[in-house]
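Colleague: I've just opened this one and I'm new to it. Can you walk me through it?

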Amino acid sequence: MNEFPQVATIAGTDSGGGAGVMADLRTMQARHVFGTAVVVAVTAQNTLGVQDFMAMPTKLIDEQFASLAADLDIRACKTGMLADAEHVHAVVENLKRVDFGPLTVDPVMIAKGGAALLAADAIKTVRDELIPLATVVTPNLPEAERLTGQAITSNQAMVT
């Protein structure tokens, strides 16, 4: 099994199935890679919005990373919803301990319906601790503005 490409999503769930770990795993399967997951948070969510969420205990996050690293050959990973500064930091520390290959950081901050999925105090932790580990960062425009502290109003502003 370790010869089949294996990847990991490190994110929150979406009980409605449209985003998060559920969507990541479907995308991985469609791309013919074996998808695994470290669940950082669980949401109560549907097509109407996010009703609630709860972050997982950091000890369980540590154990999920250790379980995957002990048995599988993860060759790439991505992050999604990480909830708050404590959980971003826990993910960072685990990524420093294991070699899960190139890292894509999707700095999920707000759900499509407007619910906050990343605490405001965690933005600095994402910027200072997580992004330096990234191979690729995929913010949408509002996320890029929050991360940089700058308004992005033109194509030129996206480049600089």
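Predicted model: local features only at pLDDT ≥ 70, side-chain atom pairs only at ≥ 80, totals over all residues.

Colleague: At what angle do helix 2 and helix 3 pack?

Modeller: About 25 degrees, with the axes of helix 2 (residues 58-71) and helix 3 (residues 85-97) 10 Å apart. That makes the two roughly parallel, a label for angles under 35 degrees. Their crossing is right-handed.

Colleague: Which residues of helix 2 meet helix 3?

Modeller: Thr-58, Ile-61, Asp-62 and Phe-65. Their partners in helix 3 include His-87, Ala-90 and Val-91, where contact means heavy atoms within 4.5 Å.

Colleague: Switching topic, how much space lies in the largest pocket?

Modeller: About 570 Å³. On a 1 Å grid over the protein atoms alone, a pocket is an open set of points with protein on both sides within 12 Å along at least five of seven lines, while a cavity is a set where a 1.4 Å probe fits but cannot get out; lining residues have an atom within 4 Å of a point.

Colleague: Which residues lie nearest the centre of that largest pocket?

Modeller: Asp-14, Gly-18, Ala-19, Gly-20 and Gln-45, out of 29 lining residues.

Colleague: And how many cavities of 30 Å³ or more are there?

Modeller: The count is 1. About 40 Å³ of space lies in the largest cavity, and its lining includes Thr-79, Asp-106 and Leu-130.

Key: Residues numbered from 1 in each chain as written. Heavy atoms only, no water. Points joined across faces, edges and corners; volume = space filled by probe spheres on them. Axes fitted to C-alpha atoms, helices over the stretch in contact; angles between N-to-C directions. Helix = DSSP H or I, 4+ residues; strand = E, 2+ residues; numbered from the N terminus. Parallel < 35°, antiparallel > 145°, perpendicular 65-115°, else oblique. Left-handed = near helix turned anticlockwise from the far one by under 90°.
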